[in-house]
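This report goes through one protein structure, from its overall layout to single residues. Please keep the sequence and the 3D view at hand while reading.

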Amino acid sequence: MTDASGNPEIQTGQKGRVIASEGIETKELPATLSKAWGDIHPYGNPHVWLDPVNAKQIASNIAAGLTRVDPSGKDAYAANLKAFTTKIDDSLYGHALVEEYGASKLERLSRRNELIDYLKTKHTYDKLGGWLKRAEPLRGLKILTYHKTWVYFCDRFGLDIRGEIEEKPGIPPSQDYLATLIKKINDDKIKVLFIDTIYPTKDGEFIAGKTGAKIVSSPIDLGGAPGTDDYFGLINTLLDRIVATAKA
Ligand SMILES: [Zn+2]
């Protein structure tokens with residue numbers, strides 16, 4: 001895509017090029033480059049930004065890129081990065097827990113998916129706040145998603161993805177596949193369908209009509225729904241919508 005920009009400064013190897021996802025472990029990485037995940041995830045699952053822990057890494061990569069092309073702004077980029085990172089930590093864990101353990105320890109535990117167990121063992125679970133506390137009723141919630149957009153988000157917040165409505169990323173479901181999904185929803189008692197706001201809703205509505213599963217209309221990017229003007233609004237909106245639907 002950058003090749004087509006005609007901007008020589010952002011091509012591979014140039015200092016203006018920022019790989020926003022650098023340093024983030026890609027999930028669903030194919031062992032060999034293939035079309036196994038359809039045409040649009042050939043390098044693994046790209047939807048890394050929906051995990052707030054990854055959002056900090058992305059922000060750090062962007063700040064480093066900005067500093068490379070504009071060294072005079074270094075202090076401002078560093079200050080903005082610090083403010084963003086602090087706000088993510090407070091939003092994700094709650095300020096009290098950050099005070100108790102420090103952000104880097106919480107992040108290490110989170111990356112290993114050991115945070116909740118750790119807090120319970122140490123009897124400090126009651127200090128958990130923020131998004132992870134709000135997601136408490138969602139842990140273990142069985143869902144289907146339209147597209148494989150939600151693996152990073154669901155791993156962070158503990159939701160249990162049982163499959164996708166798309167047959168493969170970018171490939172809409174056939175009639176046969178829809179019938180398989182309906183059986184699966186009934187058998188596994190799946191209650192919630194995530195449909196990204198950018199995808200058509202007709203297959204999801206068909207399935208919902210046959211099973212009673214409820215649809216959560218899920219913005220995946222800033223501006224994808226009211227209240228998603230910044231990253232915090234995006235995660236807040238997603239959690240609000242899912243919690244409300246799961247409770248209903
Ligand atoms: Zn995708």
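## Overall layout

Read along the sequence, the elements of the protein chain follow the pattern α-α-α-α-α-α-β-α-β-α-β-α-β-α. The chain has 10 helices and four strands; helices (H or I, at least four residues) and strands (E, at least two) are DSSP runs, numbered from the N terminus. The model is predicted, with local features needing pLDDT of at least 70 and side-chain atom pairs counting only at pLDDT 80 or more, while totals for chains, interfaces and linings use all residues. Residues are numbered from 1 along each chain as its sequence is written, and side-chain values use heavy atoms, with hydrogens and water left out.

The C-alpha trace spans about 60 × 55 × 35 Å along its principal axes. A compact globule of 248 residues would have a radius of gyration near 18 Å, and the value of 20 Å for the protein chain agrees with this. That radius is taken over C-alpha atoms, and the globule rule is 2.2 Å times the number of residues to the power 0.38. Of the 248 residues, 42% count as buried; buried means under 20% relative accessible area, exposed over 50%, and partly exposed in between (1.4 Å probe, protein chains only).

## The zinc site

Which residues coordinate the zinc ion? They are His-41, His-47 and His-147, each through its NE2 atom, at 2.0 Å. Donors are N, O and S atoms within 2.8 Å of the metal (3.2 Å for Na, K and Ca); water is not among the atoms, so sites may look incomplete. The spacing of the donor residues in sequence is H-x5-H-x99-H. His-47 lies in the segment before α1 (52-69) and His-147 in the loop between β1 (142-145) and α7 (151-157), so this pair links distant parts of the chain, 100 residues apart.

His-47 counts as buried because its relative accessibility is 9%. His-147, at 1%, also counts as buried.

## Strand pairing

Strand β1 pairs with β2 (residues 160-164) in the parallel sense over four bridges. Two strands pair if DSSP finds at least two bridges between them. Ile-143 stands opposite Ile-161 in β2. The chain crosses from β1 through α7 to β2 in a right-handed β-α-β crossover: with the strands pointing away from the viewer, the path from the first strand over the helix to the second runs clockwise.

Strand β1 also pairs with β3 (residues 192-196), in the parallel sense over three bridges. Here Thr-145 stands opposite Phe-194 in β3.

## Nonpolar cores

The largest nonpolar core has 39 residues, and Tyr-93, Phe-153, Phe-157, Leu-159, Phe-194 and Ile-242 touch the most other members. Helix α10 (residues 231-247) gives the largest share of this core, eight residues. A second, separate core of 13 residues includes Leu-144, Ile-165, Leu-178 and Leu-181. Such a core is a set of buried Ala, Val, Leu, Ile, Met, Phe, Trp, Tyr and Cys residues joined through side-chain atoms within 4.5 Å.

## Tyr-125

Is Tyr-125 buried or exposed? At 14% relative accessibility, Tyr-125 counts as buried. Tyr-125 sits in the loop between α5 (115-121) and α6 (130-134). Leaving aside neighbours within four places in sequence, Tyr-125 is in contact (heavy atoms within 4.5 Å) with Ile-116, Leu-119, Lys-120, Lys-133, Glu-136 and Arg-139. Tyr-125 and Leu-97 are 28 residues apart in sequence and 8.9 Å apart in space, C-alpha to C-alpha.
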